Amino acid sequence: MRYYIADLHFFHSNLNDRMDCRGFADEEAMHEYMIEKWNAKVRTNDEVVILGDFSMGRGKPTMDIIKRLNGSKYLIRGNHDHYLKDRRFDENVFKWVADYKEMHDNRRKVILCHYPVFCYNGQYRMDGSGAATNYMLYGHVHNTYDEQLINRFIQEMRAEKRMIHGQGGSVSIPCQMINCFCMFSDYTPLTLDEWIEVDKKRREQMTVQI
């Protein structure tokens with residue numbers, strides 16, 4: 001099984017009362033909760049793609065955290081993953097580290113980047129039933145005002161119609177950009193299908209609020 005998650009920010013205790021306002025009593029409590037949620041879901045043979053900003057800590061303590069987490073880990077590099085430059089950090093604890101990746105997940109393509117890519121590869125592609133075949137998974141923006149702007153972009157894109165060349169008709173643009181922010185899943189890595197469902201429910205709630 002393959003899972004995805006973004007912006008865990010281990011060792012970033014300020015997020016408990018700033019920006020995210022995670023509300024943990026302290027850094028240790030945050031760490032233990034996130035590790036518990038991860039290991040309750042992920043098994044030894046599973047894979048987890050981390051979409052950046054895994055840790056704000058130094059090399060050795062970050063490695064100690066990684067070794068406590070189940071499964072094989074893959075990292076999309078985030079702007080806060082400075083531990084990668086620490087000589088005490090062994091990058092081999094990750095299967096690979098990359099700035100950008102395109103992978104396949106159950107006959108769908110996933111575009112992986114820490115930063116949201118608005119014009120991602122294959123954003124118009126759909127299968128014969130009209131379902132999207134390409135998904136852009138990102139992090140970085142947490143649940144900030146930037147995420148609100150991205151949500152507005154997605155809403156406007158989906159409202160647009162695109163002409164079908166040679167067929168004389170038009171279809172809506174899928175625009176499947178999904179923020180895999182850890183707080184949206186209660187710090188639990190999720191499969192692509194689970195993230196699609198989480199994102200769908202979030203957007204339904206946005207509509208209700210409007």
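Helices and strands here are DSSP runs, numbered from the N terminus. Keep in mind that this is a predicted model.

Let's start with the loops. Look between strand S2, residues 47-50, and helix H2, residues 59-67: that loop holds Asp53. Asp53 is not a glycine, yet its phi is positive, about 55°. Is Asp53 buried or exposed? Its relative accessible area is 2%, so Asp53 counts as buried, the cut-off being under 20%.

His142 sits between strand S7, residues 134-138, and helix H3, residues 145-159. Here too phi is positive in a residue other than glycine, near 50°. His142 is buried, with a relative accessible area of 2%.

Next, the core. In soluble globular proteins, nonpolar side chains tend to be buried together. In this model, the largest nonpolar core has 46 residues. Which members touch the most others? Tyr4, Phe54, Phe94, Leu112 and Leu137. Take Phe94. Set aside its neighbours within four places in sequence, and Phe94 still contacts Ile50, Ile66, Lys73, Tyr74, Leu75, Tyr83, Leu84 and Phe89. There is also a second, separate core of twelve residues, with Tyr120, Met136, Cys175 and Met177 among them.

Last stop, Val198. Find Val198 in helix H4, residues 192-209. Val198 is partly exposed, at 21% relative accessible area. What does Val198 touch, not counting residues up to four places away in sequence? Phe184 and Leu190. As for Tyr138, 60 residues separate it from Val198 in sequence. In space, C-alpha to C-alpha, the two are 14 Å apart.

Conventions:
Residues are numbered from 1 along each chain as its sequence is written. This is a predicted model: local features need pLDDT of at least 70, side-chain atom pairs count only at pLDDT 80 or more; totals for chains, interfaces and linings use all residues. Side-chain values use heavy atoms; hydrogens and water are left out. A nonpolar core is a set of buried Ala, Val, Leu, Ile, Met, Phe, Trp, Tyr and Cys residues joined through side-chain atoms within 4.5 Å. Buried means under 20% relative accessible area, exposed over 50%, partly exposed in between (1.4 Å probe, protein chains only). Contact means heavy atoms within 4.5 Å. Helices (H or I, at least four residues) and strands (E, at least two) are DSSP runs, numbered from the N terminus.
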